[in-house]
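Here is a short report for a reader new to this structure. Please look at the sequence and the model first.

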Amino acid sequence: LAALEDTLLPALGEDPSPAVGAGAARRLVELPASAGGVISAARRLALKSRPLPATFAQLPGDIWVIDPTATEESLGASVSLCL
């Protein structure tokens with residue numbers, strides 16, 4: 001998650017080399033942020049929310065445990081969610 005928060009999306013612009021073939025589409029390539037012809041400016045990745053992983057396990061006797069150990073998970077049903 002920390003790596004995503006440090007991600008910098010590059011500036012993009014049209015490839016200056018000529019497109020090959022009739023009707024060939026132009027490609028977007030990474031450009032220096034100060035270059036002219038930038039279509040999409042460089043920017044940091046913005047996370048709208050942060051995932052919260054949680055694991056629950058049901059032990060014998062209808063007892064529920066949050067964040068169980070491996071031993072507790074092996075005793076009954078368990079489920080992991082990412083909220």
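## Leu 52 and its loop

Leu 52 is found in the loop between β5 (43–44) and β6. Strands here (E, at least two residues) and helices (H or I, at least four) are DSSP runs, numbered from the N terminus. This is a predicted model: local features need pLDDT of at least 70, side-chain atom pairs count only at pLDDT 80 or more, and totals for chains, interfaces and linings use all residues. Residues are numbered from 1 along each chain as its sequence is written, and side-chain values use heavy atoms, with hydrogens and water left out.

Is Leu 52 buried or exposed? Leu 52 is exposed, because its relative accessible area is 53%. Buried means under 20%, exposed over 50%, and partly exposed in between (1.4 Å probe, protein chains only). Setting aside residues up to four places away in sequence, Leu 52 touches Leu 81, Cys 82 and Leu 83. Contact means heavy atoms within 4.5 Å. Leu 31 is 21 residues from Leu 52 along the chain, and their C-alpha atoms are separated by 36 Å.

## A nonpolar patch

Which residues make the nonpolar surface patch of about 370 Å²? Leu 52, Val 79, Leu 81 and Leu 83 do. Patches are made of residues with over 30% relative accessible area and no salt bridge; like charges are joined within 9 Å, and nonpolar side chains (Val, Leu, Ile, Met, Phe, Trp, Tyr) within 5 Å. A salt bridge is a side-chain nitrogen of Lys or Arg within 4 Å of a carboxyl oxygen of Asp or Glu. Accessible areas come from the Shrake-Rupley method with a 1.4 Å probe; for residues, only the protein chains shown count as cover.

Leu 83 lies in the segment after β8 (78–82). Its relative accessibility is 60%, so Leu 83 counts as exposed.

## The β7-β6-β8 sheet

Three strands form an open sheet in the order β7-β6-β8, with antiparallel pairing. β7 (63–66) and β8 stand at the edges with a single partner strand each, so one side of each has no neighbour in the sheet. Neighbouring strands are turned by 20° against each other on average, direction ignored. Axes are lines fitted to C-alpha atoms, for helices over the stretch in contact, and angles run from 0 to 180 degrees between N-to-C directions.

Two strands pair if DSSP finds at least two bridges between them. Four bridges join β6 (residues 53–59) to β7. Phe 56 has Ile 66 in β7 as its bridge partner.

## The β3-β2-β4 sheet

Another open sheet of three strands has the order β3-β2-β4, again with antiparallel pairing. β3 (28–31) and β4 (38–40) are the edge strands, and each pairs on one side only. Neighbouring strands of this sheet are turned by 55° against each other on average, direction ignored.

β2 (residues 11–14) pairs with β4 over two bridges. Leu 12 stands opposite Ser 40 in β4. Four bridges link β2 and β3. Ala 11 stands opposite Leu 31 in β3.

## Asp 15

Asp 15 sits in the loop between β2 and β3. Asp 15 is buried, because its relative accessible area is 11%. Leaving aside neighbours within four places in sequence, Asp 15 is in contact with Arg 26, Arg 27 and Val 29.
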